Every structure is written in structure tokens, then in C-alpha cells.
Protein chains: 2
Amino acid sequence: MRFIVEHGDQSSAARAGRLVLQHGEVLTPIFMPVGTQGTVKALTARDLQEIGAQIILCNTYHLFLRPGCDCIAAAGGLHRFCGWQYPILTDSGGYQIFSLAALRKVSDEGAVFQSHIDGSIVTFTPEQIVGVQEAFGVDIMMQLDECPPAQATKSAIAEAVNRSLLWARRSYGAWSRKESALFGIVQGGVHLDLRRHSAQVLAELSLPGYALGGFSVGETMVEAFPVIEQTASLLPYDKPRYLMGIGFPEDIVTAVGMGIDMFDCVLPTRCARNGMCFTSQGRLKLRNACYKLDQRPLDPACSCYTCRTHSRAYLRHLFMADEITALTLMTLHNVSFYISLCGRIREAILENRFSRFAADFLDAQAKGDPADP
Amino acid sequence: MRFIVEHGDQSSAARAGRLVLQHGEVLTPIFMPVGTQGTVKALTARDLQEIGAQIILCNTYHLFLRPGCDCIAAAGGLHRFCGWQYPILTDSGGYQIFSLAALRKVSDEGAVFQSHIDGSIVTFTPEQIVGVQEAFGVDIMMQLDECPPAQATKSAIAEAVNRSLLWARRSYGAWSRKESALFGIVQGGVHLDLRRHSAQVLAELSLPGYALGGFSVGETMVEAFPVIEQTASLLPYDKPRYLMGIGFPEDIVTAVGMGIDMFDCVLPTRCARNGMCFTSQGRLKLRNACYKLDQRPLDPACSCYTCRTHSRAYLRHLFMADEITALTLMTLHNVSFYISLCGRIREAILENRFSRFAADFLDAQAKGDPADP
């Protein structure tokens with residue numbers, strides 16, 4: 001893996017870059033659609049291609065439990081299994097063990113938990129999770145980490161930081177397939193001293209990339225952003241920085257200004273399935289009666305298939321009638337909105353007008369949709 | 001509307017034809033995917049285009065109740081509302097009143113029923129239903145008819161026949177938009193004398209096309225086929241014949257041999273959502289464990305996107321993981337299978353080898369999938 005910072009913004013920490021991965025190049029800042037179980041919910045691989053997705057995120061925790069490593073190995077790896085020939089990043093499952101599974105025991109050795117699917121007892125160790133991701137043949141793999149909730153005590157968070165650092169070293173030791181780039185994860189909650197320690201120790205490992213984990217675990221973005229900004233500044237300039245699990249469109253714009261290069265989030269897909277649409281004029285709740293006869297596309301500034309083809313009135317009807325097609329069309333738009341937002345951010349950085357772009361974007365988002373008073 | 005019989009089979013009643021409609025031409029025999037509420041479930045308009053759908057079916061009953069005629073009128077008609085620019089046939093809602101709604105009263109005047117959506121009391125008359133379909137701007141509209149269940153007494157069925165004939169005459173009288181072709185519906189259950197009477201009276205109206213209704217209401221295909229064959233032979237040769245709501249792939253092949261030109265059925269879409277797949281080697285239940293590691297496409301003889309891109313193992317995983325994408329990919333294949341089946345039937349008719357094609361097809365379907373013992 002190579003990462004090239006192509007251009008740094010003059011009035012912020014924003015940068016435009018290029019990630020060269022085994023299955024293709026990724027232009028940053030980039031949003032990675034979430035395909036937890038090997039598909040982005042309600043979309044097909046060609047939908048993703050068409051809207052310009054360059055890399056997707058899958059989850060080791062979910063895929064390990066179902067369909068299982070034998071099934072993915074039989075297909076010749078995760079790319080072939082999914083029918084997706086472009087880059088894939090897999091999350092390690094650390095976050096999922098602590099949020100989805102019934103946790104039995106965490107020790108320095110690893111985590112023992114009960115599967116949320118069939119209740120079976122499973123052990124994850126840092127070495128094993130590197131091995132699983134290497135066998136998947138992914139382009140970027142995440143280290144196993146411990147993710148305490150935001151309300152955990154500082155000493156519990158400090159313990160999680162130290163354990164995650166230990167696991168980072170062991171992941172590094174187990175890493176053998178160099179086409180799969182290993183990213184370390186900075187933990188430390190909203191405690192700057194812990195984040196600094198975590199970032200410094202990880203930087204010494206000289207990993208291909210670094211993630212900021214442990215956000216969106218219950219804290220507010222007002223609490224999170226100063227920590228994100230400080231932490232990003234502590235990470236090596238020439239390595240990609242990935243802010244895990246964040247966020248709303250305005251959060252992405254803000255975080256790019258703090259030097260973040262990579263994002264993933266379930267919001268565009270999950271909100272789509274709930275009838276909430278992201279547009280250049282803010283969010284739009286499609287079930288609202290004001291859209292019943294609205295012949296405009298979801299976002300007049302958008303050129304996705306949904307916006308080229310269908311009216312708000314039709315899409316609202318599909319939602320009210322519980323049609324699966326509504327979920328597909330809405331997801332297509334929302335993911336397209338996130339991906340094209342990153343493209344516009346990148347363009348603004350390259351043209352030295354990021355700060356103006358960000359201010360205008362946040363302003364338009366705050367104003368909201370004039371059609372929905 | 002024009003209908004041209006291009007070629008008649010030498011050893012059966014099968015024929016290949018061409019329907020010229022306001023929004024395009026349709027080559028027969030044809031399968032019309034069911035888009036009850038203005039979308040084929042789990043598919044987009046471009047999915048349908050790609051798999052070669054030439055005409056879709058929507059339902060007046062559903063669309064009248066939701067989103068309502070005002071909403072479709074505001075879009076400039078049903079085609080624009082749905083983003084589908086090719087032919088549309090609407091069913092009148094007769095069948096739905098008798099199967100979905102809480103029926104309050106049927107008289108010669110019309111039907112009074114309670115909406116299955118909000119419980120409101122609604123009246124349908126033959127004239128009004130013609131008016132609704134004309135306002136939708138559809139290519140083919142069906143007359144309002146009365147559909148008794150298969151277990152109804154012969155006298156109840158005879159009454160429904162007479163009422164449906166009365167409604168056919170009144171529909172004809174109310175018909176003003178000639179771009180919307182009005183089809184009459186032959187009723188009569190499995191009683192040949194009633195079917196004959198119904199067909200003869202309708203033929204005198206010289207309507208653009210004729211449907212065989214009241215099948216798939218509880219009787220077996222063994223009971224239905226002799227009646228279908230006889231009834232089809234009583235209808236004018238130069239008018240299209242539409243067998244409503246039928247059936248499995250083998251039923252379609254059989255009915256074409258009896259002179260049927262047009263089909264619709266929820267089986268390919270509904271079965272897809274339940275994990276059942278139609279293939280050139282018979283049906284396949286994708287949840288079965290035998291497909292867990294199966295790297296073959298659903299149907300090696302199929303060239304749809306799903307079969308070009310994904311393995312049975314992957315699709316099975318998506319089903320087991322409750323992914324919406326599974327429903328889309330499976331529906332795409334099943335509908336594609338039905339449409340390409342009709343294309344192959346048509347080719348066989350044009351090349352004077354329909355009987356051989358039908359025998360081979362029924363044979364292969366009966367044998368089933370060798371992978372699933």
C-alpha cells in the first residue's frame with residue numbers, strides 16, 4: 001500500500017490524497033459505504049460502481065460468524081465471494097464484540113464472547129483476526145481493539161488503550177500478507193492524554209495507516225471534535241487517517257478540515273431505509289405529507305439514478321406502500337450523496353477553496369429543506 | 001391498439017404475435033411482471049428494462065386507494081409517476097375487491113367494499129374504473145369483473161358471469177380514450193357452458209383483446225387446463241388472449257400451446273423473496289444447505305446480472321443474513337427467467353419447433369436440480 005498526500009489545504013488541516021491498494025486506487029477524502037455482511041444493504045455491486053464507490057467496508061466479526069471463513073475461502077477470497085473487484089477494508093470486529101455480542105471475558109489474550117447469531121462461544125485474538133482478514137484477501141485490515149463505551153471511567157478507558165496497544169503490537173507481529181495493509185486504531189475516549197499516548201505508541205510501529213476509534217459510542221460531536229482534531233494532528237502526516245463510524249455529512253466536512261482522510265458510517269444506508277434523505281439543502285423526511293404531490297427529485301442538485309428518474313411523490317408512495325424498491329432507490333441516493341460530497345470536498349481542497357466550500361455546505365445543511373416548513 | 005398474429009404453430013394452437021400499443025410494441029407470447037403498487041417488488045425500472053420487460057402490470061385497486069388518483073394525475077399519468085415509459089396494463093381491481101377488501105355489497109350497479117388500507121368505504125362501478133384507467137393513461141385497461149372463488153356454486157358463478165358481461169357492456173359504453181385498449185374478461189369457473197356463453201357475448205362487443213379470468217382461485221391446473229384450452233379456442237383468432245394470474249413456467253408453456261398470448265403472475269417475484277429460484281433445470285430452494293459452498297450461478301444457462309455476477313453460495317448467504325440485496329438479485333433472476341422463457345417460446349414458434357421445445361422444457365423442469373437430491 002502507498003499513500004500520497006497530493007495537496008494540503010492552506011487554511012485548514014484538510015488534504016487530498018491517493019491510496020494505492022491491491023485492488024485499485026482510492027482518492028481521498030473518501031467515504032466507504034458499509035457492507036457489513038458482504039453487501040451494502042439494499043444495493044448491488046453494480047449500483048455501487050455506478051455511483052462511484054471506490055472502496056467498501058465489510059465486517060470481520062459478521063463474516064467470521066456467517067457465512068464463515070470456509071465459505072469465503074471456497075470462493076477464493078472476499079472479493080470473489082461478494083462479486084466486488086475494487087478495494088475492501090474490513091473492520092476487525094472489536095467494536096462489534098463490545099456492542100453486539102454477549103461478552104464473556106476480555107483479557108490480554110483476547111476476547112471471548114457469545115455469537116449474536118447462534119449463541120456459540122467464540123474467541124478472538126489479535127493474531128487470529130489478522131489471519132482471518134489476510135485469508136479474506138482484503139486491501140486494508142484493522143487491528144483487533146477494545147472499545148469501551150463513552151460512559152466508562154477514565155481508568156477503564158486507559159486499560160482499554162493499553163490492551164489495544166498490546167494487541168496492535170501482536171497484530172503487527174502476526175502480519176504476513178503485505179498486500180493487506182494493517183491499520184492501527186487510536187483509542188482513549190475523550191481524554192486527550194490517553195489519545196496522545198495511544199497515537200505515539202502506534203506511530204512508533206510505523207503502520208500503513210491509522211484510525212481514530214471509539215467515537216460515536218455515546219459522546220456528543222461537540223465533545224468529540226476537539227479530541228479528533230488534536231489526535232489527527234498527532235498522527236504521521238504521510239499516513240492515511242481514518243475516522244471510524246462518523247457521521248452526518250456536516251461531520252464529514254468538519255473532520256476533513258481536521259485532517260481526516262477516510263470515513264465510514266451506517267447513516268446514509270440506515271437513514272435511507274427509514275425514509276430520511278440527505279440533500280444539498282439538508283435532510284428530508286420523505287414520509288411527510290408535504291411531499292405527496294412533489295414532482296421534484298429528492299435533490300435537484302443530484303445526478304444519481306434515483307434523482308434522474310423519480311419524483312419525491314413517487315418515492316414517498318413507495319415508502320408508504322412498504323415497497324422494497326423504495327429502500328433501494330433511497331439508499332442509492334443517500335450513498336451517492338456521501339460519495340459525491342467527498343468528491344466535491346476533494347475538488348475544493350485541490351482548488352484551494354475548501355474553507356469556503358465547508359462554510360457554504362454547513363450553512364445550506366443548517367437551513368434545511370424550504371419545502372418542509 | 002393493433003394486434004398482428006405473425007405465425008401460427010402447425011401442431012398446436014400456439015402463435016407468435018405483435019401488440020402495437022401507445023407506449024411501444026410488445027412481442028407475444030409475453031410475460032408481464034407484476035407491479036401492483038406502481039413498482040415490480042424489489043426491482044427498479046432500469047432493472048426491468050435491462051432484463052427485457054416490454055410491458056408491466058399495475059393494479060387499479062391498489063393505486064386508486066394509494067397514492068390515489070390525484071397523485072397520479074399530478075405526475076401527468078401513471079407512466080410518468082412510475083418512471084416507466086413502456087406499455088402498462090392495469091388490472092381493474094375486480095379480483096382484488098373479492099380477495100383483499102372486505103366486501104360489503106355487490107349489485108348490478110357495482111361493488112361497495114372496505115379498503116384494506118384504511119377501512120374507508122369505497123364504491124367501484126364499471127364506468128368509474130374505465131375512467132380511472134383512462135386518466136392513468138395506460139396502454140391496456142381491464143373491465144371491472146366479478147370473481148367468485150372456485151368453490152362457489154354453479155349458479156353463483158353463472159350470476160357472476162352475467163354481471164361481468166353487463167359490466168363489460170357498460171365499460172365499453174364508457175370507453176372514450178382509444179389509446180387505452182379495453183379488454184373484456186371471460187368468466188365461468190370450470191364450467192364450459194358458462195365460459196362459452198361469456199366468450200360469445202364478449203366477442204360480439206369486438207373488444208381489442210380478451211382475458212381469461214377466474215383461474216388460480218382455488219382450482220387445480222388439471223381442472224383448469226381443459227377449460228382454458230376450450231375457452232381460448234372460442235375467442236377471436238385475431239385478438240390477443242390474456243390468461244390472468246397464471247402461473248409456473250410449465251403452466252405458461254402449456255397455455256401457449258393452447259393459444260394464449262399474454263401472462264402475468266406474482267410467482268417469480270413472490271418466490272424470489274422466499275428464496276425459491278426458477279432455473280432451466282427446475283426450481284431451487286436457495287436456503288438448502290447443499291448450496292452453502294456452491295460456486296455456480298443460480299442457473300448456468302442464464303445471462304442475467306445475478307447469474308453473471310454471483311454464486312449460489314453468496315446469494316444463499318445474503319438470504320440467511322436477511323439482506324435486502326438478496327431479494328433484488330433473486331427477483332431480477334426470476335423475472336428475467338420468465339421473460340427470457342417467453343422469448344424462447346416465441347423463437348420456437350417462429351421456427352416451427354414449439355412442440356419439441358415444450359416437451360423438452362417440461363421434461364427438464366420435472367427432473368429438477370441434480371445438485372439438490
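**Close-up views of a two-chain model**

**View 1. The contact between chain B and chain A.** In this predicted model, 36 residues of chain B are in contact with 36 residues of chain A. On the side of chain B that touches chain A, the elements that give two or more residues are α1 (45-50), α3, α4 (78-82), α12 (305-309), α13 (312-320) and α14 (324-350) of chain B. Sorted by class, this side of chain B is made up of 19 nonpolar, 12 polar and 5 charged residues.

View 2. Most peptide bonds are trans. In chain A, however, the bond that leads from Arg66(A) to Pro67(A) is cis, with omega near 10°, and Pro67(A) itself belongs to the loop between α2 (60-65) and α3 (69-75) of chain A. In chain B, the bond from Arg66(B) to Pro67(B) is cis, with omega near 15°, and Pro67(B) lies in the loop that runs between α2 (60-65) and α3 (69-75) of chain B.

**View 3. Ala42(A), a residue with positive phi.** Most residues other than glycine have a negative phi. Ala42(A), although it is not a glycine, has a positive phi of about 75°, and it is found in the loop between β4 (30-32) and α1 (45-50) of chain A. Is this residue, Ala42(A), buried or exposed? Ala42(A) counts as buried because 25 other C-beta atoms lie within 10 Å, where the cut-off for a buried residue is 20 or more.

**View 4. Ser216(B), a residue with positive phi in chain B.** Ser216(B), which is not a glycine, has a positive phi of about 50°, and its place is in the loop between β12 (209-212) and α9 (221-234) of chain B. With 19 other C-beta atoms within 10 Å, Ser216(B) is partly exposed, since a residue is called buried if 20 or more such atoms lie within that distance and exposed if 12 or fewer do.

**View 5. Helix α10 of chain A.** Helix α10 (residues 249-256) of chain A is mostly covered, with 7 of its 8 residues buried.

**View 6. The hairpin of β15(A) and β16(A).** Strand β15 (residues 276-279) of chain A and strand β16 (residues 282-285) of chain A run antiparallel and are joined by 4 bridges, while a hairpin connects β15(A) to β16(A) through 2 residues. In this pairing, Thr279(A) stands opposite Gly282(A) in β16(A).

Key:
Residues numbered from 1 in each chain as written. Chains lettered and ligands numbered in written order. Predicted model: local features only at pLDDT ≥ 70, side-chain atom pairs only at ≥ 80, totals over all residues. Contact = placed C-beta atoms within 7 Å. Nonpolar A, V, L, I, M, F, W, Y, C, P; charged D, E, K, R; others polar. Pairing = 2+ DSSP bridges.
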